[in-house]
Amino acid sequence: MRYSGFKVIKEALTGHKGWTPAWRDPEPQSHYDYIIIGGGGHGLATAYYLAKEYQQKRIAVIEKGWIGGGNVGRNTTIIRSNYLLDGNEPFYEFSLKLWEGLEQDLNYNAMVSQRGILNLIHSDAQRDAFIRRGNAMILNGADAQMLTTEQIKDRYPFLNTDDARFPIKGGLAQHRGGTVRHDAVAWGYARGADSRGVDIIQNCEVTGFRIENGKCLGVETSRGFIGGTKVGCAVAGSSGRLMAKADMRLPIESHVLQAFVSEGLKPVLPGVVTFGAGHFYVSQSDKGGLVFGGDIDGYNSYAQRGNLPTVEDVCEGGMAIFPALGRARLLRMWGGIMDMSMDGSPIIDRTHIDGLYFNGGWCYGGFKATPASGFCFAHLLTNDTPHATATAYRFDRFQKGLMIDEKGMGNQPNLH
Amino acid sequence: MTQHNRFSKGGQIDRTTPQQFVFDGKSYEGYAGDTLASALLANGVRLMGRSFKYHRPRGVLTAGSEEPNALVELREGNRQEPNTRATTAELYDGLTAKSQNRLGSLRFDLLAINDRLSNFFTAGFYYKTFMWPAAFWEKLYEPIIRHAAGLGSLSLKDDPDVYDKGFLHCDLLIIGAGPAGLAAALTAGRAGADVIIADEDFRMGGRLNSETFVLGDDSGADWAAASVGELQNLPNVRVMPRTTIIGAFDHGIYGAVERISDHLKTPEAGKPRQILWRIYSQRTILAAGATERPIAFENNDRPGIMLASALRTYANRFSVTADKRVAIFTNNDDGHRTARDLHAKGVKIAAVVDIRPDIPRSTDYEVLQGEVIDTKGRLGLTFVDVQLADGSTRVLDCGALGVSGGWNPNVHMTCHQRGRPQWNDTLAAFVPGADLPQGMTVAGAAKGDLSTAGALEGGRAAALATLDLKTTNVDLPVAEDAPIALKPFWYVEGCSRAWLDPQNDVTVKDVKLSHQEGFRSVEHLKRYTTLGMATDQGKTSNMGGLAIMAELAGKSIPDVGTTIFRPPYTPTAIGAFGGRHRGQDFHPKRLTPSHQWATEQGAVFVEVGNWLRAQWFPRDGETTWRESVDREVLATRASVGVCDVTTLGKVDVQGTDAADFLNKIYCNGFAKLAVGKTRYGLMLREDGIAMDDGTAARLAEDHFVVTTTTANALPVYRHMEFVRQCLFPDMDVQLISTTEAWAQYAVAGPNSRSVLEKIVDQDISNDAFPFMACANITVCGGLRARLFRISFSGELAFEIAVPTAYGDALMRRIMDVGAEHDITPYGTEALGVMRIEKGHAAGNELNGTTTAQNLGMGRMVSKKKDSIGSILSEREGLNMADDLRQIGIKPVDPDALVPAGAHLMKMDGPVDAAHDQGYVTSACYSPNLGHAIALGFLKNGSERLGERMRLVSPLTQIETEVEIVSAHFIDPEGGRLRA
Amino acid sequence: MIIEHPLLGPRDAAEFTYMGDAALIDRPDWQSQTAAQDFYEYGYLRDNPAGWHKELWFHEAGDRSWLVVTRNTVTHEISTVELARDVARARGRSK
């Protein structure tokens, strides 16, 4: 079924009887060419691009719970490609370009909104680093603009420019950055994949891999064995747990990242603002809630909840930069499990087991990567070679010393 | 006539204290003890807001914090507070409030057109349209949607109030001061336990204040007041009204927000608006009560349609009726209580409509078996259509309708650590599950004990059990103990525009459509329809949605499941979480020992982490910072300058294994360093990347002083302790950070020795104290001090350190004795210029990705010993032939700028990322050379000295031609250092 | 969270800085034939269990002890807290 304004009007006038399920609820088949484990944004996007771009057939997405229930369902919805390093910037710029055409491609309004993202600068060293980054972005074909404090004041007059402990000394803007309605990304990819024949199998937990002679033959699940020629894992947050079933240890720790939303408010914030001297970033959703976050709690956790010190730390940053925020109320806080990798960058690669492929380690940058991650993983699954924008995301980069360390924090995941 | 809906007597309001207030520009009067909602109802105001999507008229639904409808902008100006629940806003004299989410007046909201179009604006409609043309989303559709969305508005003025934070500890935290909480608190308090009892309401007592029950010989409210009074007099009990426990966190830590001043026009002088408490409790009793739930029927959202229990609260506690004619719609006995209480106060009961066949009868008013099938009234309820059991219909003439669908225990806090609630068939509701947060027990209605006697008994029993008490001296009064009599009933068959979530405008029809489109899990339902995502987080709406989902899926409600309850329990001012950490107090300021002196000199300060350092010292007549910095650099190189370098980290390392220890943490060797000598040290992380650099001075065989960069003082110290305690636990070595214990000044320049000779008591001639010497010395005739002959500037230089208490005096003395050489204080800018001129790496170069090789120090990494990072530094990726190397850069045109952050490109190659050759890390104007200079990293840079390159910074629109040169711009042979 | 410091009693986790898996105590032998592989695995691979996890916390705003905390990563429950130095010695580390 094709969605359109016309269709909405027609259904409104005929009692909405014509809407059908956005995706089927099929029984698993005994064998697929491709099994994607994880019905989150990345897994669904992978299946979609496998079917659409790489013309593959017999594809299943297997999801433990309900699709879109992981990090794609709980994040701060930001998209951007303001990365510094060669290994990252082309990939995230590819992703941003995919976002730009996504809704028409999917025939699903995911509310991709290029409202711009602004990283505030508070010191000369930070400015030097942001100039280098902005230049790297432009040299990679992305957009970037340096804003003066005055320009920032014009756009965000309520930011603390008078009495700040760390005065705003400018900002790096990416106008093509912005936000997306996160749930709709999962649903849009699911609907698109389903319409191209992908089986989306919900409430089906992978309990093990069937591996014989170094080759993966399929997955044991709560609904029985499902054979697969190629099995791709895209369960970021739970990568450690899943890959342990294949006896793999990963360069990844699972950490909790909290995020927050305020009560609905009339529009105040046009774009995304990131505070450079504390842990705080914020945007406003179309519904009116201020969506904000900061740093991870910092300890390994699968609990999907965090603790008060981090909540306070984030809100302190908010009050420091945006002192009108005090009278808005925090409505809801939540925690997601992050695959924090050893250099802060992801992995899209084959494993040492034939037929078993891995996509994970997204730290807290996974949402913006969704389209490119799916595209590149589909490429890898189809061709067994990495996509041109994802050549650096290899397992062996740690062994070889080819880390992609944007923050320069080394092999300590909670610092990335 | 004012307050025409106020009864002439009764209630817990103070009629001797009238309070004037303004709502939407109109003045009203209420009483102390009112909420804004009760005062508005007393004045006959039913219409208080508009819904989110359809802009339907909204009045109060509840009498508590679960209110979804009556949200207002409270106060004005910089204290304007959007989305404040009128049902919890305590009335004060002079209160002002405005309705919100309307275009035009509240009565004639132009956006009410959305209601006419509601058939188009169904659940998820926006995912299906607004996609063409693509550019119109940001330009047209989205701005319209954004402006229509949102609820109240933020003033965008800085919040003028103060918020505090505090910590409390107790044996027992009791959440909720209704009958269960009070009985628990009396039991625990009389037994001597340290108790905190907190309640979100300004009047403690919970439902006891809202009901007409008696407890023994007292009214419920009087018993509650007496109990609270007793608790307040117990020294071991802290009674906290107006305090919401917002969340249960790990290990018995609870967040609480106490509203100190929200019931006042402005906070009293010196008082905060709110306090965020972190309560550390050994045990917790959750006695948070229960919330009544509505029933969905056609047009059930009109102002005047309320929860039956809320009508009772307004009548009994606030002495107010929502209207003179009231009807009731219920599926349980509790709804009949409202009719009885209101009738007793003289309110006309139009009828009680009960869905059950065996209904409690009344001689005072009509009781009908049937269902409400529709309502009328544009801005407030006027008529209710009832279908009776026999199929006939009745129209009831009434301005208020009380609805009761049963009660949901407030289990939220039991689920904050991802426990799941259990289904209880008797209540047709979820009750706490087995998996409770550490130390928590649940009592009273929150546990499912809905009768007053059950709550009292449950509270006492919970306190006895959790504190392991054998006996108690709390005798509970005789109280109401009615059984639960309820027939589960969620929505009236055939209804469509029947609201489940009246704030977000989610109707029964939306839930059905969502199911039809395959959004069948409870999380999908929530996200697709926005059910339960309103400011009340679904407290009154979620159960209805679940019940319909269950029915459509042919499952039981518990099989459908619930969404996850997350903190905060009620929305909480962000200011409270921020506390005093805002403005200049966001982070503490660390001041250097010479700060006072530097302030007197008119220094400009800069934030370096939490430190404030003098950036430069402007003099009269200097109009730009560059003039000052150039002068400071030239004066230092020509004669002598002084700079406070206290912020550099200092770690004292002592023990017989101290040298071995340094051998572990530095990649270069320290074992052979002679006593009295200092050596540059490069520290790697275990991954082989440069972590920090600094010096280690050997003051004795078993005593070193290690310095770190300012930024890394803490992480390096932490790392050193890790190496000491975790990797080499038997080494005889002790560490202590002494960064703030010593004031340290760099005295640099050809005359630095002459200056210091005047205050140092020992011989510091070049022979006695050569380059890289260090010593414990005395100054000014006996003050202990340390002297290091090290140089960051490249000049003959010393760093001198004295105990911090003498730092100010030493700076003043250095300036005095240096006067004859025109000693010049210099700041971090001049320091930076001189270190770039000298080619020293600093933070911009040590950016966490550079190796010793990159810095041109690859050969420093000793392979003859074990040191942190040495093995992993050998990986191929860190040793590539065309690796980046630190180089110097100078512009071909001496007037050109060389901006840091610019990238280096070959003269003839393309300018893009694929051809990037390197980048500029640090840049400055060199007053000694008369042109800009810079440090940078360039691929294979050490082999490319003399090469001309394009320096591009498209971001700042600068492109210039540069020459790659040695990073040592000044005195490359180092003669000055050794002079 | 509250960490029961073996010397100082219960302390708020905010006083501590977290590093990660206590396996970081087991630093390989730099002279081993397999040192390169050993250090790679030591530096980069983690068990990352969902459940009990021995991990390193530094009492930064306290006595500057490194502690080994045994904590459940699913429930955040803490079972034991030891001085890392004692653990290191017990695992055979010395000078």
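Helices α2(A) and α10(A) are oblique to each other, a word used for angles that are not under 35 degrees (roughly parallel), over 145 (roughly antiparallel) or 65 to 115 (roughly perpendicular). This is a predicted model, in which local features need pLDDT of at least 70 and side-chain atom pairs count only at pLDDT 80 or more, while totals for chains, interfaces and linings use all residues. Residues are numbered from 1 along each chain as its sequence is written, and chains are lettered from A and ligands numbered from 1 in the order in which they are written.

**Two helices of chain A**
- The axes of α2 (residues 41-52) and α10 (residues 366-383) of chain A, which are lines fitted to C-alpha atoms over the stretch in contact, come within 7 Å and cross at roughly 45°.
- Among the residues that meet here are Tyr48(A) and Tyr49(A) from α2(A), and Phe367(A) and Phe375(A) from α10(A).

**Chain B**
- Chain B has 20 helices and 50 strands, which are DSSP runs of H or I with at least four residues and of E with at least two, respectively.
- Of its 979 residues, 60% count as buried, that is, with 20 or more other C-beta atoms within 10 Å of their own, C-beta atoms being placed from the backbone.
- The C-alpha atoms of chain B fill a box of roughly 115 × 70 × 55 Å along the principal axes.

**Where chain C touches chain A**
- In this interface, 19 residues of chain C are in contact with 23 residues of chain A, contact meaning that C-beta atoms, placed from the backbone, lie within 7 Å.
- On the side of chain C that touches chain A, β3 (17-21), α1 (35-44) and β4 (52-58) of chain C each supply at least two residues.

Note on methods. Axes fitted to C-alpha atoms, helices over the stretch in contact; angles between N-to-C directions. Buried ≥ 20, exposed ≤ 12 C-beta atoms within 10 Å, placed from the backbone.
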